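Let's walk through this structure from the inside out. Have the model open beside you as you read.

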Amino acid sequence: MQKPVASERIESGTVVETTIPSRLDRLPFGQFHVLVIVALGITWILDGLEVTLVGAIAGALKESPTLRFTNTDVGITNSSYLAGAVLGGLFFGWLTDRLGRKKLFFITLTTYMIATIATAFSWNLLSFSLFRFLTGAGIGGEYTAVNSTIQELVPARYRGWTDLTINGSFWLGAALGALGSVFLLDSRLLPADMGWRLTFLIGGGLSAFIFLLRLWIPESPRWLITHGMPEKAGKIVGDIEARLRSENHILDDSSITTTRLKTRSHTPLLEVARSILKTNRDRAIVGFSLMTAQAYFYNAIFFTYALVLSSFYGVRTDKIGWYLLPFAAGNFLGPLLLGRLFDIWGRRPMLITTYSVSAVLLAVTGYLFAADLVSDSMLTVAWVIVFFFGSAAASAAYLTVSESFPLEVRALAISLFYAVGTGVGGVIGPALLGHLIDTGSRYSVFKGYLIGTALMLIAAGIAWLKAVAAEGKPLEQVARPLSLADE
């Protein structure tokens, strides 16, 4: 066996014996992992801020002297954002597996930042939709890089809660966005055509701050080993261990095991397809169903919530934010409080529970709305309860996909299922609901909600039949690496 040269990339096909995966999984939860949560979660906070502002400005876009959007136009722009996320996720997911997790952090963030700022200068439906498409492309890439890194840096026994908490932090930004919209969209403070433009400028400007937080995040040691850089991976893990020891953590070395991996420069797309669609076909079915259901469930309802409030309850544009604040709180608390159960009780039971409960609650809420039995405040309370469970379900979809496939195809698998699920459920949902709201019929909107109920129940059933029990298990045990060298 060839001895690796320090810090250099060794020849593809070289068998490397390493303890790094085992060393990472036996680590206690320390300050390093907290910083990972903060540095990666800040992206979702920013995304939540920007997306919520966009949802809240639906009325402002309709009232804008320049744009004068209809409800259908608003639905089209939301679908443009999601379409960009689909294609961006696929492209950047492919790059993430080839170039590494850390490099893609900065590429996707730059794409997001420039496109968001450009949106502030939109002059018609086409330009607004184009810039929203590019913004979505950056966010789609972020999902793949960030979720891959979470899986590969966090110890197995904390992986579920950490993943759900980071994905759920989107709603902290949503709360800030809701609060900000109250002031930015107040026509007494700002002209009608300026407030919505400032929302994008602020979001884009804040993106620059994320660069500073991400500079210290290391590349995934697991990715480095597979791509022929075991010495660099060893140094990163050694630094993490030294940091934890300096915090008086005791590291248990008795459970360390050795893994033999064969290095590679990249994974051919044919092997990627075979791994996802043939070797792990059942997991692909689970991933597709979970992602499609949560994409429709979330995007169809959230992106059109402001339209429902303004169209059916006459809520003023500058007041929408007050309704989104409790909505965001329920969405954040769901993953935070239920996330630990995914590690303790298990992935499969929690997937079934969160998807089923949120589906039933959605149907009940939709009926109450259709029958005009709830006020605007009561409807908001109902959505808080629905999405307490629904948010945990949606975050768990990303967790399930990202840990169910081998390291060599993980980022592309995340992007593939995010793209397919969002393309089927997320892109269609907002446009469909926007059209149904335009009919002025509550029962038409209810039908759109029932589609979400059906998709969530189907996903729960598939999870019951085929979901993998990944809780507490090393990634290499959950999904056998393609580069694993047989004894």
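Predicted model: local features only at pLDDT ≥ 70, side-chain atom pairs only at ≥ 80, totals over all residues.

Residues are numbered from 1 along each chain as its sequence is written, and side-chain values use heavy atoms, with hydrogens and water left out.

Start with the largest nonpolar core, which has 125 residues. A nonpolar core here is a set of buried Ala, Val, Leu, Ile, Met, Phe, Trp, Tyr and Cys residues joined through side-chain atoms within 4.5 Å. Buried means under 20% relative accessible area, with exposed over 50% and partly exposed in between (1.4 Å probe, protein chains only). The members touching the most other members are Trp171, Tyr313, Tyr355, Trp383 and Tyr449. Helix 17 (residues 376–403) gives the most to this core, with 12 residues; helices (H or I, at least four residues) and strands (E, at least two) are DSSP runs, numbered from the N terminus.

Now zoom in on Tyr313. Leaving aside neighbours within four places in sequence, Tyr313 is in contact (heavy atoms within 4.5 Å) with Val308, Phe369, Val374, Ser375, Asp376, Leu379 and Arg442. Tyr313 also belongs to a cluster linked by ring pairs, whose members include Phe170, Trp171, Tyr298, Phe327, Phe369, Trp383, Phe387 and Tyr449.

How many aromatic pairs are there by this rule? The count comes to 25, where rings of Phe, Tyr and Trp (its six-membered ring) pair if their centres lie within 6.5 Å, and planes under 30 degrees apart count as stacked, over 60 as edge-to-face and the rest as tilted. Phe327 and Phe387 have ring centres 5.0 Å apart and planes at 45°, so they make a tilted pair. Phe327 sits in helix 15 (residues 320–344) and Phe387 in helix 17, so the pair ties together parts that are 60 residues apart in sequence. Both Phe327 and Phe387 are buried. Compare Phe405 and Phe417: their ring centres are 5.5 Å apart and their planes are at 20°, so this pair is stacked. Phe405 is in the loop between helix 17 and helix 18, with Phe417 in helix 18, so the parts tied together are 12 residues apart in sequence. Phe405 counts as buried at 0% relative accessibility, and so does Phe417 at 5%.

On a 1 Å grid over the protein atoms alone, a cavity is a set of points where a 1.4 Å probe fits but cannot get out, and lining residues have an atom within 4 Å of a point. Grid points are joined across faces, edges and corners, and a volume is the space filled by probe spheres set on the points. Of the 22 residues lining the largest cavity, Tyr143, Phe170, Tyr298, Asn299 and Tyr398 are closest to its centre. Helix 13 (281–302) supplies the largest share of this lining, five residues.

The second largest cavity holds about 70 Å³. Helix 4 gives the most to its lining, with three residues.

Finally, look at helix 7 (residues 159–168): nine of its 10 residues are buried, among them Arg159, Asp163 and Asn167.

Technical notes: 1 Å grid on protein atoms, 1.4 Å probe; cavity = no way out; pocket = protein on both sides within 12 Å on 5 of 7 lines; lining within 4 Å.
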